[in-house]
Amino acid sequence: MELSCALKEALCVVGDAQEVRHRVYALFDRALGIGKKEILLEPERELSEEEVFRLRKVLSAYAAGVPIDYIFQSAYFYGREFYVDENVLIPRFDTERSVEVILEVAKDKDAILEIGTGSGCVAVTLAKLFPGSEITATDISHEALRVAKINREKHDATNLRFLQSDLFDRIEGRYALIYSNPPYISAEDMKALDAGVYDYEPHGALYGGVDGLDFYRKIAMQAPAYLNAGGYLVFEIGHDQYDAVSGLMSAAGFEDIYGKKDYSGHDRVIVGRKKDV
């Protein structure tokens, strides 16, 4: 099959509108290592049977609604490539804001804890940014931790350890900073999720209870017992959750609470400091 014919086949699946053509070129690039320039300049190039088979397998998954990052089991976060599968959420660009905020308040050699690590993308990133720190990351899901450990090895994050734990159940000691991006989708918002998210991403990593705040309540109340005096609690939050989560943190004894917006101007990260005494 010539490239030009393969392109037409892909356009029939993905769509021929100008605004979605970039997805077609991305599929070719990730499936076959063939970029847009080559497609346009060498339309008569013959694809091998193996290449045609691989492309059609990808197009079939795409047509079924499987997110591209799950199709290729690969996603990028903070400049690094991570392995992902349907046992973990696909890393979001907006979560990179959490890393930037942690960089503002944490120091190398600080002990840092992440609750609910998923793919491990944040924990691995912090381990590489803070090579002198001990990073601990937990998840209740054995399968999520399997993915996270793959990413730890992939990026040689030797100062990172994982624990299977339901929130703080297996945590000991104290930390300079605790971070969590917990499940925070409410029951009502779960109904409105994009089909690609609802059908394929793990609901246990999305659903945060009827009002979306269940995990914030639990973590905010328990975190002070595991933080040094003056230590920080950092959350990623939903765009409309700042007031509710800041209230929970204040009730748990945190002070100097403030938020940071994501690159779209929405509330995305909230920070609170444990009192020095």
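At the start of helix 8, which side-chain oxygen reaches to within 3.3 Å of the backbone nitrogen of E143? The oxygen belongs to S141, and the pair falls under the polar contact criterion (N or O atoms within 3.5 Å; within protein, one must be able to donate a hydrogen and the other to accept it, and residues adjacent in sequence count only if both atoms are side-chain atoms).

This is a predicted model, in which local features need pLDDT of at least 70 and side-chain atom pairs count only at pLDDT 80 or more, while totals for chains, interfaces and linings use all residues. Residues are numbered from 1 along each chain as its sequence is written, and side-chain values use heavy atoms, without hydrogens and water.

Helices (DSSP H or I, at least four residues) and strands (E, at least two) are numbered from the N terminus. The 13 residues of helix 8 should span 18 Å at 1.5 Å a residue, a value that agrees with the 19 Å between its end C-alpha atoms; the expected span is 1.5 Å times one less than the number of residues.

Buried denotes under 20% relative accessible area, exposed over 50%, and partly exposed in between (1.4 Å probe, protein chains only). A144, L145, V147, A148, N151 and R152 of helix 8 are buried. Down the helix axis they fall within an arc of 160 degrees, taken from the directions to the C-beta atoms, and so line one face. H142 and E153 are exposed on the face turned away from the buried side.

| Element | Residues |
|---|---|
| Strand 2 | 80-82 |
| Helix 7 | 121-129 |
| Strand 4 | 135-139 |
| Strand 5 | 160-164 |

Just after helix 8, D156 takes a positive phi of about 50 degrees.

Key
Contact means heavy atoms within 4.5 Å.
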